[in-house]
Amino acid sequence: MTIPDSGFKMKNGVSCLPCTPEEEKKIVTHLRNESERNLKEGNLYFVISSRWFRRWERYVGIGADENLIGNQSSDSRHMNGASSLVAERPGPIENSDIVENGSDCDCMENEIQLRRMLMEGPDYVLVPQGVWEKLHEWYKGGPALPRKMILQGVYHRKFDVEVYPLCLKLIDSRDESQSIIWLSRKASVTELFQKVCALRGIEQDKARIWDYFNKRKHAQLFVSNKSLEESTLQMDQDILLEQVDGRHSSRFGMDSTGNELALVSLEPSRSPLTIAGGPTLYNGHSSGYRSNLYPGSSLSSRLTDMDDGFDAYNSVRKGEKGGLAGLQNLGNTCFMNSALQCLVHTPPLVEYFLKDYSDEINTENPLGMHGELALAFGELLRKSWSSGRTAIAPRVFKGKLARFAPQFSGYNQHDSQELLAFLLDGLHEDLNRVKQKPYIEMKDSDGRPDEEVAAECWKNHKARNDSVIVDVCQGQYKSTLVCPVCSKISITFDPFMYQSLPLPSTITRTMTVTVFYGDGSGLPMPYTVSVLKNGFCKDLLLALGTACFLKSDENLVLAEVYGNKIYRYLETPLEPLISIKDNERIVAFRFKKKGMGKTKLVIFHRCQEKATTDYFKSGTELFGAPLVTYLGEDQPSGADIEIAVSKVLSPFKRAYSSAKVHIGKENGFLSDGHDEQCSSSDAQLVESAELEGTSNTDLSLLLLLTDDRVLNFKAFKKDTLFEFGKLIRVVLDWTDKERELYDASYLKDIPEVHKAGFAAKKTRQEAISLSSCLDAFLMEEPLGPDDMWYCPRCKEHRQAIKKLDLWMLPEIIVFHLKRFTYGRYLKNKIDTFVNFPIHNLDLSKYVMNKDGQSYVYELYAISNHYGGLGGGHYTAYAKLIDENIWYHFDDSHVSAVNESDIKTSAAYLLFYKRVRTESKVEAGEASHSHTIS
């Protein structure tokens with residue numbers, strides 16, 4: 001019998017799918033490879049929720065080799081059998097968790113918008129159009145979320161899918177109405193005009209559109225092929241529409257006094273001398289720079305724009321300090337603002353960029369950005385030190401960043417450390433004093449003294465790399481490799497710009513899991529256990545087994561319940577626990593090992609209304625957690641299914657004080673008159689009574705076969721036979737009689753894994769020191785299998801033992817605390833508090849080069865990351881030059897902060913400057929230095 005629109009045929013309860021998992025995998029792999037060979041602008045890709053896509057990948061066996069390898073015991077593998085290790089076919093494509101309004105969204109498909117702050121991998125995947133069409137043909141569902149491929153970058157071109165198009169807020173000056181416009185940031189201004197005019201019903205030659213950033217006219221936009229990105233339009237900013245026939249006047253062109261503003265479109269200065277050779281500024285004071293404000297402009301605004309034409313160099317109010325300018329968030333740019341605030345408060349860089357550095361700009365370096373990045377950064381730094389407390393909107397700098405580092409374009413949240421690494425390297429190449437890099441052949445150490453080899457390596461490095469960044473920010477490692485076979489020792493000395501330190505962590509996480517008895521021998525019970533935060537599912541299973549007194553002949557199977565269905569089984573022992581989010585609902589089914597591997601039965605629960613007689617309708621809603629059990633018979637029948645359902649429901653029976661046993665075909669349930677709840681032995685009576693009180697073929701329970709989507713239904717009878725080992729899904733319809741007899745609250749009240757509001761306060765045991773992070777970084781360790789070293793003596797690649805040591809430290813040292821770990825679909829954050837010194841950080845004991853110098857450092861800036869992944873927020877702490885006052889830079893907001901408050905678990909990047917002393921003895925005095933130990 002074929003069930004309409006089901007996507008599969010039912011034959012005795014067994015599904016026949018249009019494609020096997022292997023065929024689906026082969027088709028999708030072919031289509032993906034075909035798409036990779038034909039990359040071009042305009043190609044369509046579709047966004048799919050990672051939750052659904054991971055389930056599909058498990059179904060078709062992607063990553064199956066890894067899934068079947070691990071710490072699973074041979075008993076467990078044998079008892080689970082093949083059927084439990086093969087993932088179920090996923091239901092319809094489900095994107096409701098990644099779109100605005102979720103499943104409640106009733107807007108047109110082309111109007112559906114993605115939730116902000118999503119991350120590729122953990123939240124969504126991108127598939128080519130051909131793959132989407134096949135997946136949708138097989139699974140239906142949606143909604144469809146098409147996105148176009150664009151080409152980004154100037155010198156380093158790359159294809160990228162524009163997941164978040166540019167969102168502009170259109171203000172119509174005629175009636176002050178507001179509209180939302182979505183366009184690609186690569187769309188031209190002409191396309192913007194066409195869309196605006198069509199939307200607002202105005203002829204193009206009568207329309208005037210303004211860049212209305214921060215509710216102020218910055219520049220008029222003219223019909224051209226110039227892209228919106230090149231026009232420095234930002235996500236969620238305003239644009240202003242005016243009609244130019246003179247009939248519609250607008251208050252939008254007035255300043256605070258009501259006077260018409262003289263508005264001039266001004267391009268950023270392109271002269272290196274204008275930017276790099278400007279006045280010397282320090283703490284807001286300027287020498288030799290004349291005021292040149294536009295007529296009618298006002299300094300009353302507390303927010304300025306880098307490219308708005310206002311003379312920020314002269315906007316410092318009397319008595320205001322420089323260096324206190326905030327940076328406006330341009331749409332998830334807090335990561336950029338945080339890193340920039342740390343750099344613009346780095347004393348040697350402030351001194352350098354406030355002077356004339358034009359002679360050092362290298363416009364010929366093929367590895368650089370033709371000096372444009374250095375000029376943009378220098379311009380931003382000067383404005384930061386000259387605009388008092390007026391916040392700056394770094395639109396020009398962000399535009400340069402998007403051109404030269406397309407990985408930072410768009411409006412996603414990024415990593416402040418990755419941006420810092422790019423900026424330091426880019427500034428170095430733009431300011432490299434070496435115009436023609438010589439070729440230098442590196443020599444092996446060959447037993448020479450370390451001092452000789454280190455000096456030679458540094459000389460060779462400086463012959464090709466010589467800039468203020470090298471002078472200030474670069475140090476030198478000693479790297480030792482030892483061949484595990486022939487004991488060949490290779491020593492090299494390599495430059496570094498920052499140090500990425502691992503965080504040794506033993507942080508635990510509490511997780512609540514509800515355990516169900518697969519044989520109906522007890523009520524479900526939630527257990528809260530403590531596991532390593534970076535642990536695996538095998539650790540959770542071990543903790544649960546201990547908590548629920550799991551017997552040696554029993555197994556637990558983890559599953560996620562979502563939408564009243566089994567969303568996924570967590571059967572891979574090495575599945576990271578970070579794949580389980582706090583707001584998910586996880587259950588564990590408790591089975592006898594000897595029963596597993598047989599025919600699995602999944603029971604869904606559906607609430608039937610009194611008046612409903614058509615039980616084949618799918619309009620009624622599912623509720624509660626599904627139940628899972630196994631059928632022991634070699635060829636199970638409909639009667640066996642009914643007995644199994646009654647058995648697993650038996651613990652939910654309500655206790656009745658004055659009820660008589662009633663057996664009959666009408667409802668099929670037994671009420672035995674006992675005050676205590678029905679036990680598993682009672683269930684046997686129920687089963688027998690039900691079978692005796694019904695006809696030979698009709699079921700006493702309202703049970704229907706269903707498909708993987710729980711959308712289509714088919715009746716069956718007691719004598720219906722099912723194939724052994726095949727998954728069977730049934731839906732149980734609950735009427736008033738079932739609700740009266742059973743307590744369904746046990747099925748409904750499944751707690752979340754962890755309630756964030758009840759998180760325990762961090763304990764002292766969770767704190768680690770900066771020294772322990774540095775020790776872990778410098779620890780001897782073998783190279784990974786993917787990072788083998790070619791031994792010149794063995795003439796083969798070997799998994800060598802590597803040891804890093806610090807040989808020479810720079811004036812500015814940056815410690816990157818590696819709080820983030822990455823996987824294909826997962827990104828985890830370690831919130832461990834790292835205790836770091838603010839003053840007198842003595843690194844002398846770590847420096848191998850005993851040159852008699854002092855290596856004592858003082859903290860001057862911190863880049864902080866708060867909150868979770870994707871949706872987190874970056875801020876910065878920085879101390880002003882020549883002052884002993886710390887400030888908190890939170891995008892546009894700047895406020896003073898006590899030094900005692902800057903040490904938090906949000907610290908991500910630590911910026912230290914070297915303390916210069918006359919002698920090592922003075923610097924090393926115990927009363928003045930904090931020695932790391």
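Helix H1 (residues 21–37) and helix H5 (residues 129–139) pack with their axes 8 Å apart and at an angle of about 155°, where axes are lines fitted to C-alpha atoms, for helices over the stretch in contact, and angles run from 0 to 180 degrees between N-to-C directions. H1 and H5 are therefore roughly antiparallel to each other, a word used for angles over 145 degrees, while those under 35 count as roughly parallel, 65 to 115 as roughly perpendicular and the rest as oblique. From H1 the contact takes in Glu 24, Ile 27, Val 28, Leu 31 and Arg 32, and from H5 Gly 130, Val 131, Lys 134, Leu 135, Trp 138 and Tyr 139, contact meaning heavy atoms within 4.5 Å. By class, the residues of this contact divide into 7 nonpolar, 1 polar and 3 charged (Ala, Val, Leu, Ile, Met, Phe, Trp, Tyr, Cys and Pro count as nonpolar, Asp, Glu, Lys and Arg as charged, and the others, Gly among them, as polar).

This is a predicted model, in which local features need pLDDT of at least 70 and side-chain atom pairs count only at pLDDT 80 or more, whereas totals for chains, interfaces and linings use all residues. Residues are numbered from 1 along each chain as its sequence is written, and side-chain values use heavy atoms, with hydrogens and water left out. Helices (H or I, at least four residues) and strands (E, at least two) are DSSP runs, numbered from the N terminus.

Turning to the strands, an open sheet of 5 strands runs in the order E10-E9-E13-E11-E12, with mixed pairing (two strands pair if DSSP finds at least two bridges between them). Strand E10 (177–183) and strand E12 (219–221) stand at the edges with a single partner strand each, so one side of each is left without a neighbour in the sheet. Within the sheet, strand E9 (residues 166–172) pairs with strand E13 (residues 238–243) in the parallel sense over 4 bridges, and Ile 171 stands opposite Leu 240 in E13. Helix H6 (residues 189–200) packs on this sheet, touching E9, E10, strand E11 (207–211), E12 and E13, and its direction makes about 140° with that of E10.
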